[in-house]
Amino acid sequence: MDQKELTDLLRYILQVLSNSNRRKLANNSIKDLQSLSDGDLKALTNDNEKEDALQIRVAILLREILKTYKNESIAFANIFYPDLIDEMLSPGSALVQKEFGLILSVAMIENLTYARIPAIYPSLCELVVMHSNGAHPGIRKVSLYGIGAMMFTAGEYFGKIAENTYWALRQALEAPIPVKVNRKEWKEAQDNGVAALGKLIFYQGKQYVDTIEELITYWLAKLPLKVDRREGKGQCDLFAELLETNWIMTAGAKGENIKEIIRIPVSYTHLTLPTICSV
């Protein structure tokens, strides 16, 4: 696909999104009428839920386009960015708009990188970090994955946001699970947070020289991941490589992490450490 074809496709996709928003606005204006029956209200609500689902699929499609056509998508990213901020990620935006905006923000962070979009990359990171401790698990899940992506794509810029990013991540990981929430989705979000911490240690550890051993101890205590198998495999690989390349730092100066180092692979066999040790 050449640049013109890609531009035409992106314009068409944005038109689909615009039409969807217009349909939702029309439905909402009808819902405000006092004369509607319960059946009519339910039909309008169902229509809006379908529009929400369509918009999330559009966001995922755009994410794949950014992934496939990185250099060709730079102009689109810079042009679309103001709408992303003003309409989708403003404080009054609806939940589905925030999720759409964050999916696109993370896609830009992950695929276009700081090197390609230096003018908007810092703001994208700020948005992702800001939403990483949100109450909705879907928002948390996307945002925490985005923090993990920053470890690969921020380059030297990460040094400017290292402290704020770490504390936002720590806050998200220590947040208690709410009573009324999709527990599986919340656990997926927490898995993304733990994975982001592992990537932070492995790829941006030089930013945390004074506290790296503390970070490793904290990370090991959160392993293995509970739900996300793809991220879980990646964390296992990082864990194994860290053991191989820097045993002393991983085990701790006084061997304080050795029990955790034994527990983590044992956890995959569904046996507890006391059971193994008593054999």
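In which helix is Gln55 found? Gln55 lies in helix H2, residues 38-68; helices are DSSP runs of H or I with at least four residues, numbered from the N terminus. The model is predicted: local features need pLDDT of at least 70, side-chain atom pairs count only at pLDDT 80 or more, and totals for chains, interfaces and linings use all residues. Residues are numbered from 1 along each chain as its sequence is written, and side-chain values use heavy atoms, with hydrogens and water left out.

Gln55 counts as buried because its relative accessibility is 3%. Buried means under 20% relative accessible area, exposed over 50%, and partly exposed in between (1.4 Å probe, protein chains only). Beyond residues up to four places away in sequence, Gln55 touches Leu17, Ser20, Asn21, Lys24, Val96 and Phe100. Contact means heavy atoms within 4.5 Å.

The largest nonpolar core has 74 residues. Such a core is a set of buried Ala, Val, Leu, Ile, Met, Phe, Trp, Tyr and Cys residues joined through side-chain atoms within 4.5 Å. Met108, Leu200 and Trp219 have the most contacts inside this core. Helix H4 (residues 95-116) gives the most to the core, with 10 residues.

Ile258 is found in helix H12. Ile258 is partly exposed, because its relative accessible area is 35%.

Terms used
Helix = DSSP H or I, 4+ residues; strand = E, 2+ residues; numbered from the N terminus.
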